[in-house]
Amino acid sequence: MGWEEAGSTENMRRHQSLYPLSHDHHQALVQALNLDKAGAGDDQTGLQEAAAQFADFWRSDLQRHFAQEEQIVLPLLAMYKAADAAEIRDTLEQHSAIARLIGELNEKLARPETIAASLLINIAESLRRHIRYEESELFPAVETSVPEEELWLMNMRLSDR
Ligand SMILES: [Fe+2]
C-alpha cells in the first residue's frame, strides 16, 4: 500500500493511515459549527442544549481522539523526528487548553449556572484552530518522519476502537 491522493482539498495528499483522525476532525468541525450557531444568540435554552450536546461529544468521541493522538501518534513523532519536536509540544498545549475550556463548560452544566455564549464560541474557535494546526503541521510532520510500515501499524491501532 502506498500514498494516495484524497478527493477533497482538505485532505489533499493526506496519508490514508491518518484518515481515522481526519474523519474525527470533520465530526469535531460539525460540532464547532453547532456551538457557533447557539453562541450567535443569547437564548439560554439554546446555549444549554448546545453545551450539553458538546459535552456528550467530548465524553463519547473527542476525549478518546485526543488520547489516541497523545498515546499513539505523538510517541511515533518523538521516536522518528525528535522527542522535543515543536509539533508535540504545541499539540499537547492545545489539547490541555481545550480540555480546560471543556472542564469549565462541564462545571457550569453540573450546576444551575447560565452558559455564556462567549464560552461556546471560544471552545469552537480553539477547536477549529487546533484542527487546522494538526492538519497543516502535525500530520505532515508525521507523514514525512514516520516510516511507511510504521504508519500502517499506527493506522491499525487507530482503527481498533
Ligand atoms: Fe486531532
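Student: Before we count anything, what counts as a helix or a strand here?
Tutor: Helices are DSSP runs of H or I with at least four residues, and strands are E runs of at least two. Keep in mind that this is a predicted model.

Student: Okay, so how many helices and strands does the chain have?
Tutor: There are 5 helices and 0 strands. Reading from the N terminus, the order is α-α-α-α-α.

Student: And how does the radius of gyration look against the globule rule?
Tutor: The radius of gyration is 17 Å, close to the 15 Å the rule gives for 161 residues, so the chain is as compact as a globular protein of that length. The C-alpha trace spans about 50 × 35 × 25 Å along its principal axes, and 28% of the 161 residues count as buried.

Student: Switching to α3: what span should it have?
Tutor: Its 25 residues, 86-110, should span 36 Å at 1.5 Å a residue, and the end C-alpha atoms are 36 Å apart, which agrees.

Student: Which residues of α3 are buried?
Tutor: E87, I88, T91, I98, I102 and L105. Those buried residues pack against α2 (44-80) and α4 (117-145).

Student: How do α2 and α4 cross, then?
Tutor: Their axes come within 12 Å and cross at roughly 25 degrees. Angles under 35 degrees count as roughly parallel, so α2 and α4 are roughly parallel to each other. The crossing is left-handed.

Student: Which residues meet there?
Tutor: On the α2 side, they include L47, F54, V73 and Y80, and among those in α4 are L120, I123 and V142.

Definitions and conventions
Residues numbered from 1 in each chain as written. Predicted model: local features only at pLDDT ≥ 70, side-chain atom pairs only at ≥ 80, totals over all residues. Expected span 1.5 Å × (residues − 1). Buried ≥ 20, exposed ≤ 12 C-beta atoms within 10 Å, placed from the backbone. Contact = placed C-beta atoms within 7 Å. Rg over C-alpha atoms; globule rule 2.2 N^0.38 Å. Axes fitted to C-alpha atoms, helices over the stretch in contact; angles between N-to-C directions. Parallel < 35°, antiparallel > 145°, perpendicular 65-115°, else oblique. Left-handed = near helix turned anticlockwise from the far one by under 90°.
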